[in-house]
Amino acid sequence: QVQLVESGGGLVQPGGSLRLSCAASGSIYSINTMGWYRQAPGKERDLVATITENSETNYADSVKGRFTISRDNGINTAYLQMNSLKPEDTAVYYCRGDVRSSYYGRSRPYWGQGTQVTVSS
């Protein structure tokens with residue numbers, strides 16, 4: 001089994017910064033794409049940013065220039081540095097990893113439990 005655990009959420013004032021972490025553990029051979037998604041109350045879960053095993057990145061237009069996704073393959077961890085935060089960034093942030101558990105295994109998506117980010121004065 002594979003577990004993804006997010007941390008680093010909290011309450012921050014507009015214009016502030018937070019850094020989220022997502023640590024994957026368990027039966028892991030490799031992790032292809034890792035990503036961050038967010039879900040605000042009453043809304044669908046939306047993509048924030050993704051990063052491939054080769055560190056190719058993709059961002060939602062709403063966070064370009066403010067958020068930076070990165071990863072450390074050696075410890076199976078992804079990060080999301082969030083700067084210039086706005087009230088509309090308030091949401092539960094979820095981590096996703098596309099994990100292979102063996103050399104011959106197929107990649108499967110796993111999700112973390114989510115971490116709350118609240119941007120408010």
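Select S55, which counts as partly exposed at 45% relative accessibility; buried means under 20% relative accessible area, exposed over 50%, and partly exposed in between, with a 1.4 Å probe and protein chains only. This is a predicted model, in which local features need pLDDT of at least 70 and side-chain atom pairs count only at pLDDT 80 or more, while totals for chains, interfaces and linings use all residues. Residues are numbered from 1 along each chain as its sequence is written, and side-chain values use heavy atoms, with hydrogens and water left out.

S55 is found in the loop between strand 5 and strand 6 (57-59). Strands (E, at least two residues) and helices (H or I, at least four) are DSSP runs, numbered from the N terminus. Most residues other than glycine have a negative phi. The phi of S55, however, is positive, near 70 degrees.

Next, select S84, in the loop between strand 8 and strand 9. S84 is not a glycine either, yet its phi is positive, at about 50 degrees. Its relative accessible area of 42% makes S84 partly exposed.

**Second stop: the disulfide**

How many disulfides does a search of the whole structure find? The search finds one, a disulfide being a pair of cysteine sulfur atoms within 2.5 Å. Select C22 and C95 to see this link, with a distance of 2.0 Å from S to S. The angle about the S-S bond is -80 degrees, and the link of C22 and C95 is left-handed. Because C22 lies in strand 3 and C95 in strand 9, the pair ties together parts that are 73 residues apart in sequence.

Are these cysteines buried or exposed? C22 is buried, with a relative accessible area of 0%, and C95 also counts as buried, at 0% relative accessibility.

Now select W36 in strand 4. W36 is buried, with a relative accessible area of 0%.

A pair of aromatic rings is described by the distance of the centres and the angle of the planes. Rings of Phe, Tyr and Trp (its six-membered ring) pair if their centres lie within 6.5 Å; planes under 30 degrees apart count as stacked, over 60 as edge-to-face and the rest as tilted. A search of the whole structure finds three aromatic pairs.

Y29 is partly exposed at 46% relative accessibility, whereas Y103 is exposed at 52%. Y103 also pairs with Y104, again edge-to-face, at 4.9 Å centre to centre and 90 degrees between the planes. Y104 is exposed as well, with a relative accessible area of 76%. Select Y29, Y103 and Y104 together: ring pairs link these residues into a cluster.

Select R45, Y94 and W111. The charged end of R45 sits over the ring of Y94, 3.6 Å from its centre. R45 also lies over the face of W111, at 4.7 Å from the ring centre. A charge sits over a ring if NZ of Lys or CZ of Arg is within 6 Å of the ring centre and within 35 degrees of the ring normal.

**Last stop: a glycine in a loop**

Which loop holds G74? G74 is found between strand 7 (67-72) and strand 8 (77-82). With a relative accessible area of 70%, G74 is exposed. Select I51 together with G74: their C-alpha atoms are separated by 15 Å, and the two residues are 23 residues apart along the chain.
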